[in-house]
Amino acid sequence: MKKLITYPSLKTIGAVICLAVLLSSCGAKKSDDDAADSVVAQVPVTVTSINDSSMVDYTTLNATSSFQQKNFVKSNTNGYIKSVTAQLGHYVDKGALLFVVKTKEAQSIGNVINNLDSTFRFSGVNRIVASEHGYVTQLNHQAGDYVQDGEQLAVISDRSSFAFIMQLPFEMSGAVKLNQDVTLTLPDNEKVVGRVASFMPSVDTASQTQGVVIKIPDNKQIPENLVAKAQIVKSAKLNAASLPKTAILTNETQTEFWVMKLINPTTAVKVPITKGIEVGDRVEILSPKFSPQDKIVVTGNYGLTDTAKVKIVQQ
């Protein structure tokens, strides 16, 4: 008995071929999509390495110029001012003539006594001189004024007592030492190097700051009440390991800090760090200890997750 062999129809063969082509097309499309996804996942970044250098952290405080010693010129008798040689703002030497005061008795009697007895030589004129060298910063009377004994005539600011008074927060008292050099920047950007001469024995109640007297060279002509900026070293470290600020990432509350470190040319992992001082655009890294060969992402790191895929575009 002959076995009957059946063959698929042309219609069935065509359906099978179409299905194979469709499946092949879908597989190719899926493969292309996966490849595209892998390319998008590689974030372009730039990297840097740890740097060892000296880091100095400064703080800026206000310092006001002042004459610490002021000499008050007073009348030594009751009378009339006959002449004034003192001029406001001018410098006077010790012993220089400032005022001539004629007593009221001499003003009233005149030369009657001398006419009666020429040997008496009565003038009733008192010469008032500067007790110290300095600048005449206040002039209270002029020629012709009547003054009483002990009345103030002028104020001389002692040039040798000129200094800047810097207000130092008490918690920073350990950062400033006696005879320490301090750089002062004047409003015109001129820099003057002064030296800490003394500390005020009291602290301001409201601001809790202590006055620090900074003496400057005597050849500098600086007016009183000028406000300068004093640069104080808060902390300094030699050979401190540091990274750019842009390499440091943090959470919203800034309680945790980390960097993205490359473990291979295309993968960056999250590494928690402990920060030290910050100077300019550099941040000291206290821990962990990175080696000079470690690559740290410096740009393109924002929003990267742990074990993120990256692509280095610049070394």
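Biologist: What share of the contacts with a separation of 6 or more is between residues 24 or more positions apart?

Modeller: That's 72% of them, where contact means heavy atoms within 4.5 Å. Before we go on, this is a predicted model: local features need pLDDT of at least 70, side-chain atom pairs count only at pLDDT 80 or more, and totals for chains, interfaces and linings use all residues. Residues are numbered from 1 along each chain as its sequence is written, and side-chain values use heavy atoms, with hydrogens and water left out.

Biologist: OK, and what's the average pLDDT?

Modeller: The protein averages 82, and 81% of the residues score at least 70. pLDDT is the predictor's confidence in each residue, from 0 to 100.

Biologist: Where does pLDDT stay under 50?

Modeller: Over residues 1–5, which have 0 contacts beyond four places in sequence in the model. Residues 36–40 also stay under 50, again with 0 contacts beyond four places.

Biologist: How many helices and strands are there?

Modeller: There are 3 helices and 22 strands. Those are DSSP runs numbered from the N terminus: helices are H or I with at least four residues, strands are E with at least two.

Biologist: And how much of the protein is buried?

Modeller: Buried residues are 32% of the 315. Buried means under 20% relative accessible area, exposed over 50%, and partly exposed in between, using a 1.4 Å probe and protein chains only.

Biologist: Let's look at Ala230. Which strand is it in?

Modeller: Ala230 is in β15, residues 227–244. Its relative accessibility is 0%, so Ala230 counts as buried.

Biologist: What does Ala230 touch?

Modeller: Not counting residues up to four places away in sequence, Ala230 touches Thr59, Thr60, Leu61, Met166, Val182, Thr183 and Leu184. Thr64 is 166 residues from Ala230 in sequence, yet their C-alpha atoms are 9.8 Å apart.

Biologist: What about Asp294, where is that?

Modeller: Asp294 sits in the loop between β20 (282–287) and β21 (296–299). Its relative accessible area is 15%, so Asp294 is buried. The Asp294 side chain reaches the backbone nitrogen of Ser291 at 2.9 Å. Leaving aside neighbours within four places in sequence, Asp294 is in contact with Thr48, Ser49 and Lys261.

Biologist: Which residues does the cis peptide bond join?

Modeller: Ser287 and Pro288, with omega at about -5°. Pro288 is in the loop between β20 and β21.

Biologist: And what's up with the phi of Asn189?

Modeller: The phi of Asn189 is positive, about 70°, although Asn189 is not a glycine. Asn189 is exposed, as its relative accessible area is 63%.

Biologist: Last one: which residues line the largest pocket?

Modeller: The lining is Leu249, Thr250, Trp258, Met260, Lys270, Tyr302, Gly303, Leu304 and Thr305. On a 1 Å grid over the protein atoms alone, a pocket is an open set of points where a 1.4 Å probe fits, with protein on both sides within 12 Å along at least five of seven lines; lining residues have an atom within 4 Å of a point.

How values were computed. A polar contact is a pair of N or O atoms within 3.5 Å; within protein, one must be able to donate a hydrogen and the other to accept it, and residues adjacent in sequence count only if both atoms are side-chain atoms.
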